[in-house]
Amino acid sequence: MYEQTSKLKRIMDERQNHKVFQGTFKVYCVTSGKGGVGKTNLSINLSMVLQELGKRVLLVDADLGLANVDVIAGLYPKYNISHIISCEKNINEIIIEGPMGIKILPGASGLYEMANLSVVELNLLIKAFNSISHDFDIVIIDTGAGISKNVLGFVQSSDEVIIVTTPEPSAITDAYAVIKLIHKYSQKIHVIINRVDNFRDAEYTVQKLSNASRKFLHTDIDYLGYVLEDRSVLKSNMEQIPFYARFPDSLASKCILNLGRKLLYGEQKPIQYNYTFEGWVKKLMAFLKN
Ligand SMILES: Nc1ncnc2c1ncn2[C@@H]1O[C@H](COP(=O)(O)OP(=O)(O)OP(=O)(O)O)[C@@H](O)[C@H]1O
Ligand SMILES: [Mg+2]
């Protein structure tokens, strides 16, 4: 009985905290075809750059298989999204503070259950997300590799997608396969070429992708930029401190700063969004439910 009362109280609290979304914000989903190309490293460090550039960033760890934002960032989250659904915790108790003040929503196992949520649970989650929507300008979603149903859900519920690839032929082929699958849903597809030796390699790689996308899919991709091969990435992973914090003067850090600037200021024709946090959650749930 006590448990039920406290559950009810928590639901009421969530409702009280609920505020109507004001302002605009963007959801970027970071994905790839091939695994291990650098998504998680880029998601964390890009989030830090965007935060440093004045945005309030929420990083969602949506790699359902091997969630590892926390490992790379040296964090030890106790709770994840499933604790909102079970009413054990409210969303503010789950979100943890990451490096440079970014906020992180640990996903892990809880997200598996999203496909089987009841209407009540769904509403609870939407309300929870909405109660924090005014706290963020940008949401970055780090997904697992490949296009599983869950990854597709995140891609479809985001407006913009960031595809990470390396210059390796198998990674490029897999990146193209993802573009082929998602180009109809995504308003904008950005591409980052990671682990390149120089900018020419990156341009050569992106040229191949954009030629194929234009020719066969009639889709233009946005080349966001590149990140150089840099041992500081591995070293920072070993120390569990993101490279932008641990080695701010490294080549990888300079590249990621450029990417952040391009993402925020580099758009020639900004897309007008009529988009809310609640809208994003609804789209995501609708997809997972189907
Ligand atoms: N620019 C880089 N220079 C050197 N090493 C890099 C670079 N980017 C990533 N790495 C290394 O690549 C490996 C994979 O990185 P990461 O975990 O970020 O990839 P991922 O795409 O998230 O992998 P998964 O598909 O398993 O989620 C790590 O060991 C990391 O140190
Ligand atoms: Mg990863």
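A: The side chains of Ser-32 and Lys-39 are joined by a polar contact of 3.0 Å, where a polar contact is a pair of N or O atoms within 3.5 Å, of which, within protein, one must be able to donate a hydrogen and the other to accept it, and residues adjacent in sequence count only if both atoms are side-chain atoms. This is a predicted model, in which local features need pLDDT of at least 70 and side-chain atom pairs count only at pLDDT 80 or more, whereas totals for chains, interfaces and linings use all residues. Residues are numbered from 1 along each chain as its sequence is written, chains are lettered from A and ligands numbered from 1 in the order in which they are written, and side-chain values use heavy atoms, with hydrogens and water left out.

A polar atom of the Ser-32 side chain also lies 2.6 Å from the backbone oxygen of Lys-34. Ser-32 itself is found in the loop between strand E1 (26-31) and helix H2; helices (H or I, at least four residues) and strands (E, at least two) are DSSP runs, numbered from the N terminus. With a relative accessible area of 0%, Ser-32 is buried, a class that means under 20%, with exposed over 50% and partly exposed in between (1.4 Å probe, protein chains only). When residues up to four places away in sequence are not counted, Ser-32 touches Val-37, Lys-39, Ala-145, Gly-146, Val-164 and Val-178, contact meaning heavy atoms within 4.5 Å.

Helix H2, which spans residues 39-52, packs with helix H12 (residues 251-265) at an angle of about 60 degrees, and their axes are 9 Å apart. Axes here are lines fitted to C-alpha atoms, for helices over the stretch in contact, and angles run from 0 to 180 degrees between N-to-C directions. H2 and H12 are therefore oblique to each other, since angles under 35 degrees count as roughly parallel, over 145 as roughly antiparallel, 65 to 115 as roughly perpendicular and the rest as oblique. Leu-42, Asn-45, Leu-46, Val-49, Leu-50 and Glu-52 of H2 make the contact with Ile-256, Leu-257, Leu-259, Gly-260, Leu-263 and Leu-264 of H12. These residues divide into nine nonpolar, two polar and one charged, with Ala, Val, Leu, Ile, Met, Phe, Trp, Tyr, Cys and Pro counted as nonpolar, Asp, Glu, Lys and Arg as charged, and the others, Gly among them, as polar.

Within H12, Gly-260 counts as buried at 0% relative accessibility. Leaving out residues up to four places away in sequence, Gly-260 touches Leu-46, Val-49, Leu-50 and Leu-53. From C-alpha to C-alpha, Gly-260 and Glu-52 are 9.6 Å apart in space, although 208 residues separate them in sequence.

As for the whole chain, it has 13 helices and eight strands, and 53% of its 290 residues count as buried. Of the contacts with a separation of 6 or more, 81% are accounted for by residues 24 or more positions apart.
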